[in-house]
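Please go through the report below with the model open beside it.

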Amino acid sequence: MFDRYEAGEQAVLVHINFSDETSREDLQELQMLVSSAGVNTVEVVTGTRRTPNAKYFVGSGKAEEIANAVRASSADVVIFNHALSPSQERNLETICKCRVLDRTTLILDIFAQRARTHEGKLQVELAQLRHISTRLVRGWTHLERQKGGIGLRGPGETQLETDRRLLRERIKSIQRRLEKVEKQREQGRRARVRNEIPTVSLVGYTNAGKSTLFNTITSAGVYAADQLFATLDPTLRKIDVQDIGSVILADTVGFIRHLPHDLVAAFKATLQETQSADLLLHVVDYSDEKFRENIDQVNEVLEEIGAGEVPQLVICNKIDRLEGIEARIDRNEDGKPERIWVSAQQGRGIDLLFNALTECLADNMVQYQLRIPPQQGKLRGALFGLNCIASEEYAEDGDWLVDVRMPAKDWQRLIKRVDGDLTSYLVHKH
């Protein structure tokens, strides 16, 4: 039903440079996407335009040039590095006599190949169905007539109408199943919030090294490869951070410029892990010449999914490919960690990353010294129950001198639980 590639297909790539910066795409990125999809590039056709042509996206002369390139190389498919309208695809297919796909369909196909979990497959199918529903007519033009003949007289629907109705029903069915998945995820998030477990989410441009970093930190064995969209399904693991305790680390799908809106909508349940995180680790491939543009693209998508306000710590990855750069922490004017320079592949700078996590997540922690009289054994027991006692000693008058460190929410909850005024036991705040 969908345009799916088979390894070894031959493709002609089309890349047009526009004067408008916002419409520009990266040819090198297209070649990486095509390679990730398992397709061989036989020729690249480039050109320059002010605006797209309504009929062919490119001019009629360039369309002929593409058709000649297809004939000369015996290509199976033409892949545009841009979004095409359904009519542009049909017109180009007529002139090229082969399949014509745009950037969105290519990305969707890669996602379809990478999806491993039930949820991931549902999300990809939903995005594909939404995308293909506008392009149905090209597959069914030969059947755009009412069914007739013995045993075939039906409600009078054309094949196209029947297919559209089936598509709508399938989309509704997938949406219902994804809503159920979303509720399950929400329950998991609520349980983590109740248990005061902070969540740290890895975000970044595709192929920035998020999964490699995730594996280095957690030894999780998540699939990692030097290709675009190697990770699709979100993975959660628990890690221990000094002075903080248990922290949930989430690996998420990579972002890309002009990420198709159908995909952003379909992956809403997955991306909510990013929305509700306490801290984002923004992984950046600093060996990539376009790292600044990639940072801007990721921040754009974060704004789009409602995670623009979540605190960020930038992870400058792949320092093993840079000369004269050592693992270090860059701090802002207030002395807070801002950037960590690491090599996830070689494990350099991971200890600094853990130190920075402690500092960044410590904002949610409070530290006090309490003087607890012997008759308040219940309070002391509650502190041991929270596993927050850093040190304890006896005073000469028999009181306990206790140093505590805990999440601020736990402290507020303890104030409500304990009889009497808890602040009266305070010696000083650290």
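## K318 and its surroundings

Leaving aside neighbours within four places in sequence, K318 is in contact (heavy atoms within 4.5 Å) with N207, A208, G209, D285, S287, V342 and S343. K318 lies in the loop between β9 and β10. Helices (H or I, at least four residues) and strands (E, at least two) are DSSP runs, numbered from the N terminus. K318 counts as buried, at 10% relative accessibility. Buried means under 20% relative accessible area, exposed over 50%, partly exposed in between (1.4 Å probe, protein chains only).

The side chain of K318 also makes a polar contact with the side chain of D285, at 3.4 Å. A polar contact is a pair of N or O atoms within 3.5 Å; within protein, one must be able to donate a hydrogen and the other to accept it, and residues adjacent in sequence count only if both atoms are side-chain atoms.

## Basis of the model

This is a predicted model: local features need pLDDT of at least 70, side-chain atom pairs count only at pLDDT 80 or more, and totals for chains, interfaces and linings use all residues. Residues are numbered from 1 along each chain as its sequence is written, and side-chain values use heavy atoms, with hydrogens and water left out.

## The seven-strand sheet

An open sheet of 7 strands runs in the order β6-β7-β5-β8-β9-β11-β10, with mixed pairing. Two strands pair if DSSP finds at least two bridges between them. The edges are β6 (235-241) and β10 (328-331). Each has a single partner strand, so one side of each is left without a neighbour in the sheet. The twist averages 25° from one strand to the next. Axes are lines fitted to C-alpha atoms, for helices over the stretch in contact, and angles run from 0 to 180 degrees between N-to-C directions.

Strand β9 (residues 312-317) pairs with strand β11 (residues 337-341) in the parallel sense, over 3 bridges. C316 stands opposite W341 in β11.

## Helices on that sheet

Helix α8 lies across β5 (199-204), β6, β7 (245-251), β8 (279-285) and β9. Its direction is about 155° to β7. Helix α11 (residues 291-304) lies across β5, β8 and β9, at about 150° to β8.

Helix α8 (residues 210-218) also packs against helix α12 (residues 350-361). Their angle is about 85°, and the axes are 11 Å apart. The two helices are therefore roughly perpendicular. Angles under 35 degrees count as roughly parallel, over 145 as roughly antiparallel, 65 to 115 as roughly perpendicular and the rest as oblique. L213, T216 and I217 of α8 meet I350, L353 and F354 of α12. By class, this contact has 5 nonpolar, 1 polar and no charged residues. Ala, Val, Leu, Ile, Met, Phe, Trp, Tyr, Cys and Pro count as nonpolar, Asp, Glu, Lys and Arg as charged, and the others, Gly among them, as polar.

## The four-strand sheet

An open sheet of 4 strands has the order β2-β1-β3-β4 and parallel pairing. At its edges stand β2 (39-49) and β4 (99-101), each with a single partner strand. Neighbouring strands are turned by 20° against each other on average, direction ignored. β1 and β2 pair in the parallel sense over 10 bridges. F18 stands opposite R49 in β2. Helix α1 (residues 27-36) lies across β1, β2 and β3 (77-80), at about 155° to β2.

H15 belongs to strand β1 (residues 9-18). H15 is buried, with a relative accessible area of 4%. Its side chain is joined to that of N17 by a polar contact of 3.3 Å.
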